[in-house]
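I opened this model to look up its overall fold and its aromatic ring pairs. My entries follow in the order in which I went through them.

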Amino acid sequence: MLSSFMPGFDPTPLAEKFRSAAAVMAGILLLGWIVHLLFPDTGYFGPSMLSSMAAAALLVYAVPHSPMAQPWPLVVGNLVSAVVGVTCAILIPGTLWAAAGAAGLAVLAMHLTRSLHPPGAATALFMVLNEPVFQQHGWLWSGGVVLANVMLTLMLALVINNLIHLGRYPVRRHHAPVTPAAGPTLTESDVEWAMRQMEGVTDVSEEDLLEIFRLACLHAQKKN
């Protein structure tokens, strides 16, 4: 049991770790600067810059292949979570209850819209905890803040990731079947079926699973 608390296998090269850290730094720096230009009255660390964008930056720059880092969950996941957060802040009395409801219902909303994105729950919580400031500026202003943060994060991810690695983000969907040396041909629909048999959420795309399987088969064939 104790071994399960130890770090797992990490195939990421050291150079890639430094590149992703530098990309996160550049992404947050540029996001903060542009948001400050759009909403100068709140300062660099005011409610105009969502803290959840730091978590989103980790996903889009450090694990850009993750299904949770793709444009749909990044944009839709944060936007629906912000709506949930605002709704809970208005309708649920008590900050603690509103915060808990916002986080939980945001996860449900993201599941239903197929946009599961971990920073979305933080976005919902952010909206509740900053309710007084958002009410002061107006909810329309708040919506503009969320939209600006999310869309700027997406645009910066597209630029920065593709400057570092051409074609790295977003993930291109390929549907080529994989045929092992012996056995049936595997397609994306086969992998989707297998993933549905597993409990919980699998944070890896069907394409990545097929590619990992293909490379493993090639490696095994070379050894034999």
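Predicted model: local features only at pLDDT ≥ 70, side-chain atom pairs only at ≥ 80, totals over all residues.

Residues are numbered from 1 along each chain as its sequence is written, and side-chain values use heavy atoms, with hydrogens and water left out.

I looked up the secondary structure and found nine helices and zero strands, where helices (H or I, at least four residues) and strands (E, at least two) are DSSP runs numbered from the N terminus.

For burial I took under 20% relative accessible area as buried, over 50% as exposed and the range in between as partly exposed (1.4 Å probe, protein chains only); buried residues make up 38% of the 224 residues.

I then turned to aromatic pairs, meaning rings of Phe, Tyr and Trp (its six-membered ring) with centres within 6.5 Å, called stacked with planes under 30 degrees apart, edge-to-face over 60 and tilted for the rest. The count is three aromatic pairs. Phe39 and Trp141 have ring centres 5.6 Å apart and planes at 80°, so this pair is edge-to-face. Because Phe39 sits in the loop between helix H1 (14-38) and helix H2 (52-62), and Trp141 in helix H7 (residues 139-164), the pair ties together parts 102 residues apart in sequence. Phe39 is buried at 14% relative accessible area.

Phe134 and Trp141 have centres 6.3 Å apart and planes at 45°, so I recorded this pair as tilted. Phe134 is buried, at 0% relative accessibility.
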